[in-house]
Amino acid sequence: MLWDCFSSKGLGNLISVLGIMDSIKYQGILNQNLSASAKKLKLSRHWIFQQDNDPKHMSRSTQK
C-alpha cells in the first residue's frame, strides 16, 4: 500500500505502508509527511487537506 498527497503544484511525498493501515500508522504518516509535502510543493500557508474518509483509519484521535 502507498500513501501520497498531491496538489495543482505536483506530488508530495510517496510513502510505502507495510502491513495494514490503522489509525496509528495513518497519524504517523500525516505527522511526518503532510507538512513536509506542503513545504516541498511550496504551498502557501492556506491550503486545505482532504482525505478519503476510509473508516479503517478515521478514529476520533485521527479526526482531532
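Hi everyone, let's start with Ser37, which sits in helix H1 (helices are DSSP runs of H or I, at least four residues, and strands are E runs of at least two, numbered from the N terminus). Before going on: this is a predicted model, where local features need pLDDT of at least 70 and side-chain atom pairs pLDDT 80 or more, while totals for chains, interfaces and linings use all residues. Residues are numbered from 1 along each chain as its sequence is written, and side-chain values use heavy atoms, with hydrogens and water left out.

So, is Ser37 buried or exposed? Ser37 is buried, at a relative accessible area of 0%; buried means under 20%, exposed over 50%, and partly exposed in between, with a 1.4 Å probe and protein chains only. A polar atom of its side chain lies 2.8 Å from the backbone oxygen of Asn33. Leaving aside residues up to four places away in sequence, Ser37 touches Cys5, Gly12 and Asn13, where contact means heavy atoms within 4.5 Å.

Cys5 turns up again in the largest nonpolar core, eight residues with Trp3, Val17, Met21, Tyr26, Ile29, Leu30 and Leu34. Such a core is a set of buried Ala, Val, Leu, Ile, Met, Phe, Trp, Tyr and Cys residues joined through side-chain atoms within 4.5 Å. Helix H1, residues 23-40, gives the largest share of this core, four residues.

Last stop, Lys42, in the loop between H1 and helix H2 (60-63). Its phi is near 55°, positive in a residue other than glycine. For context, most residues other than glycine have a negative phi. Lys42 counts as exposed, at 67% relative accessibility. Thanks, everyone!

Terms used:
A polar contact is a pair of N or O atoms within 3.5 Å; within protein, one must be able to donate a hydrogen and the other to accept it, and residues adjacent in sequence count only if both atoms are side-chain atoms.
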